[in-house]
Amino acid sequence: MKNFESNVQYIKYLVNKEVAYRFFQGTLVKDPMLERDIAETIMPGPKASYRCCVYKERHIVEDRVRLIMEPSKDNRVINVLDSACDECPVDRFVVSDSCRGCLGHKCQEVCPKGAISIVNHRAYINQDLCIECGKCKQVCPFGAISEVMRPCMRACPVDAVKMDENKKAMIDHEKCISCGSCVYQCPFGAIVDKSYVMNVLYLLRNSFNNTNYHVYAVVAPAIASQFGDVKVGQVFAGIKELGFYDVVEAAIAGDMVALAETEEFAHTIEEKKWKTTSCCPAFVEYVRRYHPELMDHVSTVVSPMIAMGRAIRAKDPKARVVFMGPCTAKKVEVKLPEVKGAVDHVITFEELRSLLDAKGLDLAQLPEISAGEPSSYGRIFARTGGVAESVRRVAKLEGVDVEINPVRCNGIDECIRALKLASFGKLDGNLIEGMVCKGGCTNGAASIFHDQKGIQRVNDYSREALTDDPTEGIRGYDMSAIEMEREFLKIEK
(Lines give C-alpha, C1' and ligand atoms only; values in the text may rest on other atoms or scores of the structure.)
Protein backbone atom coordinates (compact mmCIF):
# COMPACT_ATOMS: atom_id res chain seq x y z
CA MET A 1 0.00 0.00 0.00
CA LYS A 2 1.85 3.07 -1.22
CA ASN A 3 0.82 6.63 -0.50
CA PHE A 4 -2.59 5.76 0.87
CA GLU A 5 -3.94 6.51 4.31
CA SER A 6 -5.62 3.14 4.76
CA ASN A 7 -6.28 -0.22 3.15
CA VAL A 8 -9.89 0.84 2.65
CA GLN A 9 -8.78 3.72 0.47
CA TYR A 10 -6.30 1.47 -1.34
CA ILE A 11 -8.94 -1.12 -2.25
CA LYS A 12 -11.29 1.58 -3.53
CA TYR A 13 -8.41 2.83 -5.64
CA LEU A 14 -7.62 -0.62 -7.02
CA VAL A 15 -11.23 -1.26 -8.03
CA ASN A 16 -11.65 2.10 -9.76
CA LYS A 17 -8.27 1.73 -11.44
CA GLU A 18 -8.98 -1.77 -12.77
CA VAL A 19 -12.37 -0.74 -14.16
CA ALA A 20 -10.90 2.35 -15.82
CA TYR A 21 -7.89 0.43 -17.14
CA ARG A 22 -10.15 -2.07 -18.89
CA PHE A 23 -12.21 0.77 -20.29
CA PHE A 24 -9.13 2.47 -21.74
CA GLN A 25 -7.96 -0.89 -23.16
CA GLY A 26 -11.35 -1.55 -24.73
CA THR A 27 -11.83 -4.76 -22.74
CA LEU A 28 -14.55 -3.57 -20.35
CA VAL A 29 -17.46 -5.46 -21.88
CA LYS A 30 -20.68 -6.56 -20.28
CA ASP A 31 -20.20 -10.13 -19.21
CA PRO A 32 -21.71 -12.24 -16.42
CA MET A 33 -18.18 -12.99 -15.25
CA LEU A 34 -16.87 -9.40 -15.34
CA GLU A 35 -17.21 -8.68 -11.62
CA ARG A 36 -15.67 -12.01 -10.62
CA ASP A 37 -12.80 -11.59 -13.08
CA ILE A 38 -11.94 -8.16 -11.69
CA ALA A 39 -12.27 -9.42 -8.12
CA GLU A 40 -9.87 -12.29 -8.80
CA THR A 41 -7.42 -9.88 -10.43
CA ILE A 42 -7.41 -7.60 -7.40
CA MET A 43 -7.62 -10.40 -4.79
CA PRO A 44 -5.68 -13.29 -6.37
CA GLY A 45 -5.41 -15.31 -3.15
CA PRO A 46 -5.11 -18.02 -2.12
CA LYS A 47 -4.73 -16.39 1.28
CA ALA A 48 -6.87 -13.49 2.40
CA SER A 49 -5.20 -10.12 2.84
CA TYR A 50 -7.72 -8.25 4.97
CA ARG A 51 -10.75 -10.37 5.90
CA CYS A 52 -11.66 -13.86 7.04
CA CYS A 53 -11.13 -15.47 3.63
CA VAL A 54 -10.31 -14.53 0.06
CA TYR A 55 -13.83 -15.44 -1.06
CA LYS A 56 -15.31 -12.83 1.24
CA GLU A 57 -12.84 -10.27 -0.11
CA ARG A 58 -13.73 -11.10 -3.68
CA HIS A 59 -17.44 -10.92 -2.97
CA ILE A 60 -17.06 -7.39 -1.62
CA VAL A 61 -14.92 -6.34 -4.59
CA GLU A 62 -17.58 -7.74 -6.93
CA ASP A 63 -20.18 -5.58 -5.19
CA ARG A 64 -17.91 -2.55 -5.54
CA VAL A 65 -17.48 -3.19 -9.27
CA ARG A 66 -21.23 -3.56 -9.65
CA LEU A 67 -21.82 -0.20 -7.97
CA ILE A 68 -19.38 1.46 -10.39
CA MET A 69 -20.81 -0.21 -13.47
CA GLU A 70 -24.46 0.21 -12.51
CA PRO A 71 -24.92 2.86 -9.82
CA SER A 72 -28.37 3.26 -8.33
CA LYS A 73 -30.72 5.50 -10.28
CA ASP A 74 -31.77 7.74 -7.41
CA ASN A 75 -29.89 10.86 -6.34
CA ARG A 76 -28.77 9.44 -3.00
CA VAL A 77 -25.00 9.57 -2.88
CA ILE A 78 -24.11 7.99 0.48
CA ASN A 79 -25.05 4.32 0.70
CA VAL A 80 -24.16 1.16 2.61
CA LEU A 81 -22.37 -1.79 1.02
CA ASP A 82 -24.12 -4.56 2.95
CA SER A 83 -21.57 -7.25 2.16
CA ALA A 84 -18.81 -5.22 3.81
CA CYS A 85 -20.80 -4.21 6.89
CA ASP A 86 -20.50 -7.15 9.24
CA GLU A 87 -17.42 -6.89 11.40
CA CYS A 88 -18.01 -3.89 13.67
CA PRO A 89 -19.03 -4.51 17.30
CA VAL A 90 -22.81 -4.44 17.35
CA ASP A 91 -23.49 -4.42 21.10
CA ARG A 92 -23.39 -0.69 21.75
CA PHE A 93 -24.19 -0.80 25.47
CA VAL A 94 -22.75 -3.49 27.73
CA VAL A 95 -22.49 -3.91 31.50
CA SER A 96 -18.92 -3.74 32.73
CA ASP A 97 -17.29 -5.24 35.83
CA SER A 98 -17.97 -1.96 37.62
CA CYS A 99 -21.60 -2.99 38.20
CA ARG A 100 -22.14 -3.31 41.95
CA GLY A 101 -25.58 -4.92 41.82
CA CYS A 102 -27.09 -1.92 43.62
CA LEU A 103 -30.58 -1.93 45.05
CA GLY A 104 -31.70 1.04 42.98
CA HIS A 105 -31.76 -0.81 39.66
CA LYS A 106 -32.27 2.53 37.91
CA CYS A 107 -31.02 1.04 34.67
CA GLN A 108 -33.75 -1.58 34.74
CA GLU A 109 -36.47 0.89 35.62
CA VAL A 110 -35.59 3.37 32.90
CA CYS A 111 -35.27 0.88 30.02
CA PRO A 112 -38.29 1.40 27.70
CA LYS A 113 -38.05 -2.12 26.23
CA GLY A 114 -37.46 -4.20 29.34
CA ALA A 115 -34.10 -5.26 27.97
CA ILE A 116 -32.35 -5.15 31.37
CA SER A 117 -32.68 -7.87 33.96
CA ILE A 118 -30.78 -8.64 37.16
CA VAL A 119 -28.79 -11.87 37.06
CA ASN A 120 -26.68 -12.94 40.04
CA HIS A 121 -27.08 -9.47 41.53
CA ARG A 122 -25.74 -7.78 38.39
CA ALA A 123 -27.42 -6.03 35.52
CA TYR A 124 -27.64 -7.88 32.22
CA ILE A 125 -28.65 -6.35 28.85
CA ASN A 126 -30.59 -8.51 26.41
CA GLN A 127 -29.13 -7.29 23.13
CA ASP A 128 -32.07 -8.70 21.15
CA LEU A 129 -34.37 -6.23 22.94
CA CYS A 130 -31.99 -3.28 23.30
CA ILE A 131 -32.76 -0.30 21.05
CA GLU A 132 -29.59 1.58 22.01
CA CYS A 133 -31.39 4.57 23.50
CA GLY A 134 -28.64 4.99 26.09
CA LYS A 135 -30.95 5.77 28.98
CA CYS A 136 -29.41 3.03 31.14
CA LYS A 137 -25.95 4.51 30.74
CA GLN A 138 -27.23 7.96 31.69
CA VAL A 139 -28.75 6.85 35.00
CA CYS A 140 -26.18 4.32 36.23
CA PRO A 141 -24.63 5.84 39.39
CA PHE A 142 -21.43 3.80 39.00
CA GLY A 143 -20.90 4.47 35.30
CA ALA A 144 -20.91 0.70 34.92
CA ILE A 145 -22.55 0.64 31.50
CA SER A 146 -20.02 1.22 28.76
CA GLU A 147 -20.73 2.39 25.24
CA VAL A 148 -19.00 1.20 22.09
CA MET A 149 -20.25 3.27 19.19
CA ARG A 150 -19.63 2.28 15.62
CA PRO A 151 -17.17 4.60 13.85
CA CYS A 152 -19.74 5.46 11.19
CA MET A 153 -22.34 6.46 13.78
CA ARG A 154 -19.81 8.41 15.80
CA ALA A 155 -18.63 10.23 12.66
CA CYS A 156 -22.07 11.35 11.53
CA PRO A 157 -22.74 14.89 12.76
CA VAL A 158 -26.50 14.66 12.23
CA ASP A 159 -27.27 11.17 13.57
CA ALA A 160 -28.19 9.89 10.09
CA VAL A 161 -26.44 6.52 10.46
CA LYS A 162 -28.62 3.89 12.10
CA MET A 163 -28.77 0.12 12.41
CA ASP A 164 -31.39 -1.99 10.64
CA GLU A 165 -33.10 -5.08 12.02
CA ASN A 166 -30.01 -7.13 11.15
CA LYS A 167 -27.78 -4.67 12.97
CA LYS A 168 -26.16 -3.53 9.76
CA ALA A 169 -25.59 0.16 9.14
CA MET A 170 -28.24 2.08 7.24
CA ILE A 171 -28.50 5.69 6.14
CA ASP A 172 -31.50 7.79 7.09
CA HIS A 173 -31.64 9.85 3.92
CA GLU A 174 -34.12 12.25 5.47
CA LYS A 175 -31.33 13.34 7.83
CA CYS A 176 -28.20 12.81 5.71
CA ILE A 177 -26.36 15.92 4.46
CA SER A 178 -23.98 13.83 2.29
CA CYS A 179 -20.86 15.21 3.95
CA GLY A 180 -19.16 11.82 3.61
CA SER A 181 -17.75 11.74 7.12
CA CYS A 182 -19.08 8.21 7.61
CA VAL A 183 -17.51 7.14 4.30
CA TYR A 184 -14.12 8.36 5.45
CA GLN A 185 -14.36 6.99 8.98
CA CYS A 186 -15.77 3.50 8.31
CA PRO A 187 -12.81 1.14 8.91
CA PHE A 188 -14.26 -1.59 6.69
CA GLY A 189 -15.21 0.52 3.68
CA ALA A 190 -18.84 -0.47 4.12
CA ILE A 191 -20.21 3.02 3.49
CA VAL A 192 -19.62 4.30 -0.01
CA ASP A 193 -20.30 7.36 -2.11
CA LYS A 194 -21.94 6.84 -5.48
CA SER A 195 -19.46 6.68 -8.33
CA TYR A 196 -19.86 8.63 -11.57
CA VAL A 197 -16.58 7.36 -13.01
CA MET A 198 -18.32 5.43 -15.80
CA ASN A 199 -20.45 8.46 -16.67
CA VAL A 200 -17.29 10.52 -17.12
CA LEU A 201 -15.52 7.83 -19.14
CA TYR A 202 -18.48 7.48 -21.48
CA LEU A 203 -18.76 11.27 -21.74
CA LEU A 204 -15.14 11.44 -22.88
CA ARG A 205 -15.44 8.54 -25.31
CA ASN A 206 -18.66 9.77 -26.88
CA SER A 207 -17.18 13.20 -27.48
CA PHE A 208 -15.03 11.58 -30.20
CA ASN A 209 -11.92 13.48 -29.22
CA ASN A 210 -14.02 16.56 -28.40
CA THR A 211 -15.45 16.89 -31.89
CA ASN A 212 -19.06 16.16 -30.87
CA TYR A 213 -18.81 18.43 -27.84
CA HIS A 214 -16.09 19.82 -25.59
CA VAL A 215 -15.48 18.16 -22.21
CA TYR A 216 -14.05 20.56 -19.63
CA ALA A 217 -12.51 19.55 -16.31
CA VAL A 218 -13.11 22.01 -13.48
CA VAL A 219 -10.66 21.30 -10.68
CA ALA A 220 -11.22 22.39 -7.08
CA PRO A 221 -8.41 24.49 -5.53
CA ALA A 222 -7.87 21.77 -2.91
CA ILE A 223 -5.98 19.92 -5.65
CA ALA A 224 -2.88 21.72 -4.40
CA SER A 225 -2.98 19.57 -1.26
CA GLN A 226 -3.37 16.21 -2.98
CA PHE A 227 -0.39 15.50 -5.23
CA GLY A 228 2.52 16.68 -3.12
CA ASP A 229 5.21 14.90 -5.17
CA VAL A 230 4.42 16.75 -8.42
CA LYS A 231 3.53 20.27 -9.51
CA VAL A 232 -0.14 21.25 -9.74
CA GLY A 233 0.42 22.17 -13.38
CA GLN A 234 1.57 18.59 -14.04
CA VAL A 235 -1.66 17.28 -12.53
CA PHE A 236 -3.56 19.56 -14.91
CA ALA A 237 -1.51 18.13 -17.78
CA GLY A 238 -2.39 14.61 -16.68
CA ILE A 239 -6.10 15.47 -16.63
CA LYS A 240 -5.79 16.88 -20.15
CA GLU A 241 -4.16 13.60 -21.24
CA LEU A 242 -7.27 11.73 -20.09
CA GLY A 243 -9.03 13.31 -23.07
CA PHE A 244 -10.45 16.56 -21.74
CA TYR A 245 -10.80 19.51 -24.06
CA ASP A 246 -9.55 21.92 -21.42
CA VAL A 247 -8.80 22.14 -17.70
CA VAL A 248 -10.01 25.10 -15.63
CA GLU A 249 -9.29 26.03 -12.03
CA ALA A 250 -12.46 26.38 -9.98
CA ALA A 251 -10.55 29.07 -8.07
CA ILE A 252 -11.45 31.44 -10.91
CA ALA A 253 -15.08 31.00 -9.89
CA GLY A 254 -13.95 31.51 -6.30
CA ASP A 255 -13.07 35.04 -7.36
CA MET A 256 -16.48 35.37 -9.02
CA VAL A 257 -18.23 34.20 -5.87
CA ALA A 258 -16.20 36.56 -3.67
CA LEU A 259 -17.32 39.50 -5.80
CA ALA A 260 -20.96 38.40 -5.85
CA GLU A 261 -21.11 37.61 -2.12
CA THR A 262 -19.55 40.93 -1.21
CA GLU A 263 -22.15 42.78 -3.26
CA GLU A 264 -24.99 40.72 -1.80
CA PHE A 265 -23.68 41.21 1.73
CA ALA A 266 -23.44 44.98 1.32
CA HIS A 267 -27.01 45.22 0.04
CA THR A 268 -28.70 42.88 2.52
CA ILE A 269 -26.79 42.92 5.81
CA GLU A 270 -28.69 45.85 7.27
CA GLU A 271 -31.94 43.95 6.84
CA LYS A 272 -30.69 40.43 7.64
CA LYS A 273 -28.32 41.39 10.51
CA TRP A 274 -26.12 38.37 9.70
CA LYS A 275 -25.42 36.18 6.69
CA THR A 276 -23.76 32.87 5.92
CA THR A 277 -21.67 31.74 2.98
CA SER A 278 -23.06 29.15 0.57
CA CYS A 279 -19.98 27.49 -0.95
CA CYS A 280 -20.13 24.29 1.10
CA PRO A 281 -23.09 22.17 -0.09
CA ALA A 282 -23.13 20.05 3.07
CA PHE A 283 -23.41 23.19 5.20
CA VAL A 284 -26.26 24.55 3.09
CA GLU A 285 -27.99 21.16 3.25
CA TYR A 286 -27.62 21.15 7.03
CA VAL A 287 -29.34 24.52 7.32
CA ARG A 288 -32.07 23.49 4.88
CA ARG A 289 -32.86 20.28 6.75
CA TYR A 290 -32.36 21.30 10.35
CA HIS A 291 -32.91 25.06 10.45
CA PRO A 292 -35.12 25.99 7.48
CA GLU A 293 -36.20 29.10 9.38
CA LEU A 294 -32.63 30.40 8.96
CA MET A 295 -32.39 29.85 5.19
CA ASP A 296 -33.17 33.52 4.63
CA HIS A 297 -29.72 34.29 6.04
CA VAL A 298 -27.85 31.96 3.65
CA SER A 299 -26.22 33.65 0.69
CA THR A 300 -28.07 33.03 -2.56
CA VAL A 301 -24.82 33.17 -4.52
CA VAL A 302 -24.04 29.84 -6.16
CA SER A 303 -20.98 27.81 -5.22
CA PRO A 304 -17.75 28.16 -7.23
CA MET A 305 -18.45 24.80 -8.88
CA ILE A 306 -21.80 25.95 -10.23
CA ALA A 307 -20.48 29.39 -11.14
CA MET A 308 -17.60 27.89 -13.12
CA GLY A 309 -19.90 25.48 -14.93
CA ARG A 310 -22.22 28.32 -15.90
CA ALA A 311 -19.29 30.51 -16.93
CA ILE A 312 -17.85 27.83 -19.23
CA ARG A 313 -21.21 27.14 -20.83
CA ALA A 314 -21.75 30.88 -21.38
CA LYS A 315 -18.51 30.98 -23.39
CA ASP A 316 -18.84 27.62 -25.14
CA PRO A 317 -22.28 26.29 -26.16
CA LYS A 318 -20.70 22.91 -26.94
CA ALA A 319 -19.36 22.51 -23.41
CA ARG A 320 -19.82 19.56 -21.10
CA VAL A 321 -18.44 20.00 -17.58
CA VAL A 322 -16.92 17.56 -15.09
CA PHE A 323 -16.03 18.78 -11.61
CA MET A 324 -13.15 17.18 -9.70
CA GLY A 325 -12.84 17.75 -5.97
CA PRO A 326 -12.62 16.28 -2.47
CA CYS A 327 -16.33 16.52 -1.67
CA THR A 328 -19.05 13.86 -1.75
CA ALA A 329 -21.77 16.48 -1.20
CA LYS A 330 -20.91 18.02 -4.57
CA LYS A 331 -22.35 14.89 -6.17
CA VAL A 332 -25.69 15.84 -4.64
CA GLU A 333 -25.40 19.56 -5.38
CA VAL A 334 -25.17 19.11 -9.17
CA LYS A 335 -28.51 17.26 -9.10
CA LEU A 336 -30.44 19.98 -7.24
CA PRO A 337 -33.21 21.41 -9.45
CA GLU A 338 -32.20 25.02 -8.84
CA VAL A 339 -28.66 24.53 -10.21
CA LYS A 340 -29.03 21.44 -12.38
CA GLY A 341 -27.42 21.72 -15.81
CA ALA A 342 -24.36 23.72 -14.83
CA VAL A 343 -22.16 20.66 -14.27
CA ASP A 344 -22.69 17.25 -15.84
CA HIS A 345 -20.83 14.99 -13.41
CA VAL A 346 -18.65 15.04 -10.31
CA ILE A 347 -15.74 12.75 -9.50
CA THR A 348 -13.56 12.87 -6.42
CA PHE A 349 -9.81 13.24 -6.06
CA GLU A 350 -9.68 9.55 -5.05
CA GLU A 351 -11.37 8.64 -8.32
CA LEU A 352 -9.22 11.06 -10.32
CA ARG A 353 -6.05 9.39 -9.07
CA SER A 354 -7.41 6.02 -10.19
CA LEU A 355 -8.08 7.35 -13.70
CA LEU A 356 -4.63 8.91 -14.03
CA ASP A 357 -2.92 5.69 -12.97
CA ALA A 358 -5.19 3.51 -15.11
CA LYS A 359 -4.10 5.58 -18.11
CA GLY A 360 -0.50 4.87 -17.18
CA LEU A 361 0.44 8.53 -16.81
CA ASP A 362 3.65 9.51 -15.05
CA LEU A 363 2.75 13.00 -13.88
CA ALA A 364 6.34 13.80 -12.94
CA GLN A 365 7.33 13.48 -16.60
CA LEU A 366 4.62 15.78 -17.95
CA PRO A 367 5.19 19.49 -18.67
CA GLU A 368 3.18 21.90 -16.54
CA ILE A 369 0.16 23.57 -18.09
CA SER A 370 -1.95 26.46 -16.86
CA ALA A 371 -5.63 26.12 -16.03
CA GLY A 372 -6.28 29.85 -15.83
CA GLU A 373 -4.96 32.61 -13.62
CA PRO A 374 -7.18 33.03 -10.56
CA SER A 375 -6.14 35.33 -7.76
CA SER A 376 -4.43 34.07 -4.64
CA TYR A 377 -7.71 34.61 -2.82
CA GLY A 378 -9.64 32.37 -5.21
CA ARG A 379 -7.24 29.55 -4.42
CA ILE A 380 -7.60 29.80 -0.62
CA PHE A 381 -11.29 28.93 -0.88
CA ALA A 382 -9.92 25.42 -0.29
CA ARG A 383 -9.23 25.94 3.40
CA THR A 384 -11.06 27.28 6.42
CA GLY A 385 -11.17 31.07 6.47
CA GLY A 386 -10.51 31.44 2.75
CA VAL A 387 -13.98 32.53 1.69
CA ALA A 388 -14.26 35.12 4.45
CA GLU A 389 -10.81 36.50 3.68
CA SER A 390 -11.69 36.78 -0.01
CA VAL A 391 -14.91 38.65 0.70
CA ARG A 392 -13.10 41.09 2.98
CA ARG A 393 -10.41 41.58 0.33
CA VAL A 394 -13.00 42.42 -2.33
CA ALA A 395 -14.77 44.79 0.04
CA LYS A 396 -11.50 46.64 0.62
CA LEU A 397 -10.63 46.83 -3.08
CA GLU A 398 -14.13 47.94 -4.06
CA GLY A 399 -14.42 50.47 -1.26
CA VAL A 400 -17.48 48.81 0.26
CA ASP A 401 -18.37 50.87 3.31
CA VAL A 402 -19.86 48.02 5.36
CA GLU A 403 -18.24 46.28 8.28
CA ILE A 404 -17.63 42.59 7.58
CA ASN A 405 -16.93 40.66 10.76
CA PRO A 406 -16.58 36.97 9.83
CA VAL A 407 -17.00 33.94 12.08
CA ARG A 408 -14.87 31.17 10.56
CA CYS A 409 -16.38 27.78 11.33
CA ASN A 410 -13.84 25.00 11.22
CA GLY A 411 -16.04 21.92 10.98
CA ILE A 412 -19.72 21.11 11.45
CA ASP A 413 -19.66 21.41 15.24
CA GLU A 414 -18.54 25.03 15.02
CA CYS A 415 -21.13 25.65 12.29
CA ILE A 416 -23.91 24.36 14.53
CA ARG A 417 -22.71 26.48 17.44
CA ALA A 418 -22.48 29.63 15.31
CA LEU A 419 -25.98 29.13 13.91
CA LYS A 420 -27.40 28.70 17.41
CA LEU A 421 -25.70 31.87 18.63
CA ALA A 422 -26.90 33.78 15.57
CA SER A 423 -30.48 32.61 16.04
CA PHE A 424 -30.41 34.00 19.59
CA GLY A 425 -28.80 37.25 18.48
CA LYS A 426 -25.56 36.47 20.30
CA LEU A 427 -23.22 35.88 17.37
CA ASP A 428 -19.93 37.75 17.70
CA GLY A 429 -19.86 38.69 14.02
CA ASN A 430 -22.12 39.10 11.01
CA LEU A 431 -20.81 36.62 8.41
CA ILE A 432 -20.73 32.89 9.16
CA GLU A 433 -18.31 31.02 6.95
CA GLY A 434 -19.76 27.52 6.97
CA MET A 435 -17.30 24.65 6.38
CA VAL A 436 -18.49 21.19 7.38
CA CYS A 437 -15.05 19.55 7.05
CA LYS A 438 -12.39 20.52 9.57
CA GLY A 439 -9.65 22.40 7.79
CA GLY A 440 -11.94 23.06 4.86
CA CYS A 441 -12.03 21.32 1.48
CA THR A 442 -8.43 20.15 1.83
CA ASN A 443 -9.74 17.61 4.34
CA GLY A 444 -12.84 16.67 2.38
CA ALA A 445 -14.14 13.13 2.81
CA ALA A 446 -12.87 12.06 -0.63
CA SER A 447 -9.44 13.64 -0.36
CA ILE A 448 -6.47 11.40 -1.00
CA PHE A 449 -4.68 12.86 2.01
CA HIS A 450 -6.04 14.45 5.19
CA ASP A 451 -3.41 16.36 7.12
CA GLN A 452 -2.32 19.83 8.16
CA LYS A 453 0.30 19.86 5.43
CA GLY A 454 -2.54 20.18 2.96
CA ILE A 455 -3.48 23.61 4.27
CA GLN A 456 0.13 24.72 3.95
CA ARG A 457 0.27 23.43 0.36
CA VAL A 458 -2.86 25.40 -0.50
CA ASN A 459 -1.35 28.54 1.01
CA ASP A 460 1.89 27.96 -0.89
CA TYR A 461 0.02 27.47 -4.16
CA SER A 462 -2.03 30.61 -3.56
CA ARG A 463 1.19 32.61 -3.28
CA GLU A 464 2.14 31.47 -6.77
CA ALA A 465 -0.83 33.40 -8.22
CA LEU A 466 0.00 36.38 -10.40
CA THR A 467 -2.42 38.66 -8.58
CA ASP A 468 -4.08 39.11 -5.21
CA ASP A 469 -6.97 41.00 -6.79
CA PRO A 470 -10.07 38.83 -7.38
CA THR A 471 -11.31 41.29 -10.00
CA GLU A 472 -8.19 40.43 -12.00
CA GLY A 473 -8.73 36.72 -11.45
CA ILE A 474 -11.92 36.71 -13.52
CA ARG A 475 -10.50 38.50 -16.53
CA GLY A 476 -11.67 36.86 -19.72
CA TYR A 477 -15.15 36.18 -18.36
CA ASP A 478 -18.21 38.34 -18.95
CA MET A 479 -19.88 38.43 -15.54
CA SER A 480 -23.08 39.84 -17.03
CA ALA A 481 -23.52 36.57 -18.94
CA ILE A 482 -23.21 34.39 -15.82
CA GLU A 483 -26.15 33.80 -13.49
CA MET A 484 -24.59 33.98 -10.03
CA GLU A 485 -27.80 33.57 -8.03
CA ARG A 486 -29.87 30.57 -7.00
CA GLU A 487 -33.28 30.12 -5.48
CA PHE A 488 -33.39 27.66 -2.62
CA LEU A 489 -36.20 25.20 -3.15
CA LYS A 490 -37.85 23.28 -0.34
CA ILE A 491 -36.66 19.75 0.26
CA GLU A 492 -38.97 17.12 -1.17
CA LYS A 493 -39.94 14.61 1.49
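Leaving aside its neighbours within four places in sequence, which residues is R379 in contact with? Keep that in mind; the tour ends there.

**Before you start**

This is a predicted model, in which local features need pLDDT of at least 70 and side-chain atom pairs count only at pLDDT 80 or more, while totals for chains, interfaces and linings use all residues. Residues are numbered from 1 along each chain as its sequence is written, and side-chain values use heavy atoms, with hydrogens and water left out. Helices (H or I, at least four residues) and strands (E, at least two) are DSSP runs, numbered from the N terminus.

**Stop 1: strand β12**

Select residues 319-325. This is β12, and six of its seven residues are buried, so the strand is largely enclosed by the rest of the structure. Buried means under 20% relative accessible area, exposed over 50%, partly exposed in between (1.4 Å probe, protein chains only).

Two strands pair if DSSP finds at least two bridges between them. Look for V218 opposite F323 in β12.

F323 stands opposite V346 here, and V322 stands opposite H345.

**Stop 2: the whole sheet**

Show four strands in the order β10-β9-β12-β13. They form an open sheet with parallel pairing. β10 (246-249) and β13 stand at the edges with a single partner strand each, so one side of each has no neighbour in the sheet. From one strand to the next, the twist averages 25 degrees.

Next, select helix α12, residues 304-315. It packs on the sheet and touches β9, β10, β12 and β13; its direction makes about 155 degrees with that of β12. Contact means heavy atoms within 4.5 Å. Axes are lines fitted to C-alpha atoms, for helices over the stretch in contact, and angles run from 0 to 180 degrees between N-to-C directions.

Then take helix α14, residues 349-358. It also packs on the sheet, touching β9, β12 and β13, and its direction makes about 80 degrees with that of β13.

**Stop 3: α1 against α14**

For side chains, α1 brings Q9, K12, Y13, N16, K17, A20, Y21 and F24 to the contact; α14 brings E350, E351, R353, S354, L355, D357 and A358.

**Stop 4: a second sheet**

Display β11, β15 and β14. These three strands form an open sheet in the order β11-β15-β14, with parallel pairing. β11 (275-276) and β14 (406-410) are the edge strands, each pairing on one side only. Five bridges join β14 to β15 (residues 431-435). Centre on V407, opposite I432 in β15.

**Stop 5: R379**

Finish in helix α15, residues 376-379, where R379 lies. R379 is buried, with a relative accessible area of 4%. The opening question can now be answered: beyond its sequence neighbours within four places, R379 is in contact with P221, E249, A251, G372, P374, V458, Y461, S462, E464 and A465.
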